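Hi,

Here is the structure I promised to pass on. Have a look first, and my notes follow below.

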Amino acid sequence: MTPDQQHQIDLGYKQGIDPTPYADPIYSPEQMAQYRIALVDGLDISSILNPKFNPKQLFQLREGLAFEKHAGLPVNTEISIYNNPRFSASQMYEIRMGIAYGIDVTYADPRIPLKNMRAIRKKAIEDLYED
């Protein structure tokens, strides 16, 4: 473990959580921080433990898990749509916002460019409010 990784583990203990799920040198300190914050927030991180996710992607997944928890949804109900390292963090955001607005997120395909995803989402939201 690097000193920064060990720091994230120590912070977890200080914050009253079990850092075991992310206490692995395969994770960067920044990834560990996202996992630690999720655990402190009482989120189940088992579905997002993947060293292929970068910290920005993990932030989006953590936000998605928090949304599920606050909405009373089963874990991984919504994030399963974008729980894939092939999506960029920005694509994950566009999908998350689509889900939050209750629109059809069939644009959830990592091959669709971010610019197109954003346009599809914005148009769908506009259409929602025009009806």
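**What I found**

Starting with Gln-91: leaving out residues up to four places away in sequence, this residue touches Arg-86, Asp-109, Pro-110, Ile-112, Leu-114 and Met-117, where contact means heavy atoms within 4.5 Å. Gln-91 sits in helix α4, residues 89-101 (helices are DSSP runs of H or I with at least four residues, numbered from the N terminus). Its relative accessible area is 6%, so Gln-91 is buried (buried is under 20% relative accessible area, exposed over 50%, partly exposed in between, with a 1.4 Å probe and protein chains only).

Before going on, a word on the source: this is a predicted model, where local features need pLDDT of at least 70 and side-chain atom pairs count only at pLDDT 80 or more, while totals for chains, interfaces and linings use all residues. Residues are numbered from 1 along each chain as its sequence is written, and side-chain values use heavy atoms, with hydrogens and water left out.

Another glutamine, Gln-8, belongs to helix α1 (residues 3-14). Gln-8 counts as buried, at 10% relative accessibility. Beyond its neighbours within four places in sequence, Gln-8 contacts Tyr-22, Pro-29, Met-32, Ala-33 and Arg-36.

Now the inside. The largest nonpolar core has 28 residues, and those with the most contacts inside it are Tyr-22, Tyr-35, Ile-48, Leu-61, Tyr-82, Phe-87 and Ile-95 (such a core is a set of buried Ala, Val, Leu, Ile, Met, Phe, Trp, Tyr and Cys residues joined through side-chain atoms within 4.5 Å). Two or more residues of this core come from each of α2 (29-40), α3 (55-71), α4 and α5.

How many aromatic pairs does the structure hold? There is 1 (rings of Phe, Tyr and Trp, the latter by its six-membered ring, pair if their centres lie within 6.5 Å; planes under 30 degrees apart are stacked, over 60 edge-to-face, the rest tilted). The ring centres of Tyr-27 and Tyr-35 are 5.2 Å apart and the planes stand at 75°, so this pair is edge-to-face. Both partners count as buried: Tyr-27 at 7% relative accessibility and Tyr-35 at 0%.

Finally, Leu-128 is in helix α5 (residues 114-130). Leu-128 is partly exposed because its relative accessible area is 40%.

Cheers
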